[in-house]
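Please open the model in your viewer and keep the selection panel at hand. The tour below moves from one selection to the next and says what is to be found at each stop.

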Amino acid sequence: MEAVKATAEGVKAVNAKKVKAFGTEAATAPLNQLNIQRRKPTPHDVEIEILYCGVCHSDLHTARNEWHSTTYPCVPGHEIVGKVVSVGNHVTKFKAGDLAAVGCMVDSCRQCDYCKEGLEQYCEEGNTGTYNSPDKHLGTQTYGGYSESIVVDEAFVLRVPENLDLAATAPLLCAGITTYSPLKHWNVGPGKKVGVVGIGGLGHMAVKLAKAMGAEVIVFTTSPSKVEDAKRLGADDVVLSKDEEQMNRYAGKLHFVLDAVSAQHDINAYLNLLRVDGSLALVGAPEHPLPVAAFSLIPYRRSFAGSMIGGIAETQEMLDFCGKHNIVSDIEMINIQQINEAYERLLKGDVKYRFVIDMASLKNKHAEQAKNN
Ligand SMILES: [Zn+2]
Ligand SMILES: [Zn+2]
């Protein structure tokens with residue numbers, strides 16, 4: 001517990017309080033209960049009791065230091081929904097008792113061109129991630145949603161549509177916006193044929209969102225077992241990507257392809273599906289570079305692109321869109337004490353399609369048992 005103690009002592013402001021969380025103190029250590037500091041709300045802050053937190057693959061990458069940038073202790077979680085407990089006296093958008101959500105960012109410079117345009121995710125100074133970023137208030141790193149509560153500037157807090165299932169809303173804050181933003185940017189809508197590659201946490205959201213935007217949606221998957229499910233999610237057609245004949249049916253036919261696969265795969269096979277001026281955007285992040293053939297791009301003036309989450313205003317737009325179209329994630333609820341097991345299943349793709357942690361479990365007797373074991 002040395003690291004936790006050191007963090008508590010390293011806290012700049014005395015205006016902080018100790019809260020329960022679940023995290024890890026080393027890349028190879030399992031997640032377990034620990035205590036972290038949260039600042040007392042400043043005049044622009046919203047204090048949120050966390051009710052549910054989605055489990056994103058980035059949580060696992062960060063907890064295990066797979067991107068070589070983790071500061072410990074690490075408390076992951078950036079798909080956060082909960083209830084406002086208190087607000088600072090300059091807060092205008094929220095009051096105690098309101099539902100609220102927090103996604104992948106809790107701050108940015110707010111001065112640069114990108115921040116002014118609502119593209120805080122691409123802030124020139126780097127956005128402040130919800131976890132594992134330098135905490136401007138406490139001088140530690142930021143801690144995410146695997147915790148009792150979080151304190152966030154209201155400019156980075158989202159409103160939650162009241163009609164949606166709250167637990168299933170949590171994954172919208174990362175998986176939802178990560179797919180909504182590129183679909184919007186590349187003008188997906190009626191009359192457009194859109195390919196979604198890979199049906200997992202991101203891909204299943206992309207299918208629902210693209211369908212609700214009015215596009216014709218074609219899912220590409222390697223697993224025959226996912227064909228029926230993709231159709232249930234709204235796909236107009238499902239193509240087994242290993243079947244060349246099926247792939248050829250869509251050669252040069254698609255306006256846009258959203259690629260949500262993080263394993264190695266042949267990107268040229270998907271670029272070849274694009275029409276003239278079509279674009280393929282990556283939201284999955286394979287570990288190794290993907291070879292791109294020049295002649296997958298040149299003859300059709302195709303674009304190969306990427307996209308990262310979305311800005312705050314766009315995240316609110318996405319939540320409102322989901323409220324209007326009754327869109328949530330397909331989830332499997334877990335207790336926080338099952339998080340290590342959930343990570344192992346996540347690695348095998350064994351979840352339909354997002355784990356969401358019932359944060360009430362952090363307070364229950366199982367939590368005490370886990371601590372004593
Ligand atoms: Zn995420
Ligand atoms: Zn900025």
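The stops that follow go from a metal site to strands, then to domains and back.

Before selecting anything, note that this is a predicted model, in which local features need pLDDT of at least 70 and side-chain atom pairs count only at pLDDT 80 or more, while totals for chains, interfaces and linings use all residues. Residues are numbered from 1 along each chain as its sequence is written, chains are lettered from A and ligands numbered from 1 in the order in which they are written, and side-chain values use heavy atoms, with hydrogens and water left out.

**The zinc site**

Select the zinc ion (ligand 1), which is coordinated by Cys 56 through SG, His 78 through NE2 and Cys 174 through SG, at 2.0 to 2.2 Å. Donors are N, O and S atoms within 2.8 Å of the metal (3.2 Å for Na, K and Ca), and sites may look incomplete because water is not among the atoms. Along the chain, the donors of the zinc ion follow the spacing C-x21-H-x95-C. Cys 56 lies in the loop between strand 3 (45–54) and helix 2 (57–63), and Cys 174 in the loop between helix 4 (166–169) and helix 5 (175–185), so the pair ties together parts that are 118 residues apart in sequence. Helices (H or I, at least four residues) and strands (E, at least two) are DSSP runs, numbered from the N terminus. Buried or exposed, what is Cys 56? Cys 56 counts as buried at 5% relative accessibility, and Cys 174 is buried too, with a relative accessible area of 6%; here buried means under 20% relative accessible area, exposed over 50% and partly exposed in between (1.4 Å probe, protein chains only).

Next, show strand 3 together with strand 4 (residues 80–87), which run antiparallel and are joined by 7 bridges; two strands pair if DSSP finds at least two bridges between them. Within this pair, Cys 53 stands opposite Ile 80 in strand 4.

Now colour domain 1 (16–173 + 311–363) and domain 2 (176–306) separately, with bounds that come from an automatic or database domain assignment. Their C-alpha centres lie 28 Å apart, and 17 residues of domain 1 are in contact (heavy atoms within 4.5 Å) with 17 residues of domain 2. The area buried between the two domains is about 1,600 Å², of which carbon and sulfur atoms give 58%; this is the accessible area (1.4 Å probe) that two parts lose on being put together, summed over both. Select Glu 314, Phe 321 and Tyr 353, which supply 36% of the area that domain 1 buries against domain 2, more than any other three residues. Across this interface the rule finds 4 salt bridges, each a side-chain nitrogen of Lys or Arg within 4 Å of a carboxyl oxygen of Asp or Glu.

**Leu 346**

Finally, centre on Leu 346, found in helix 12 (residues 339–347) and counted as buried at 12% relative accessibility. Leaving aside neighbours within four places in sequence, Leu 346 is in contact with Val 55, Cys 56, His 57, Leu 60, Val 351 and Phe 355, a list that includes the zinc ligand Cys 56.
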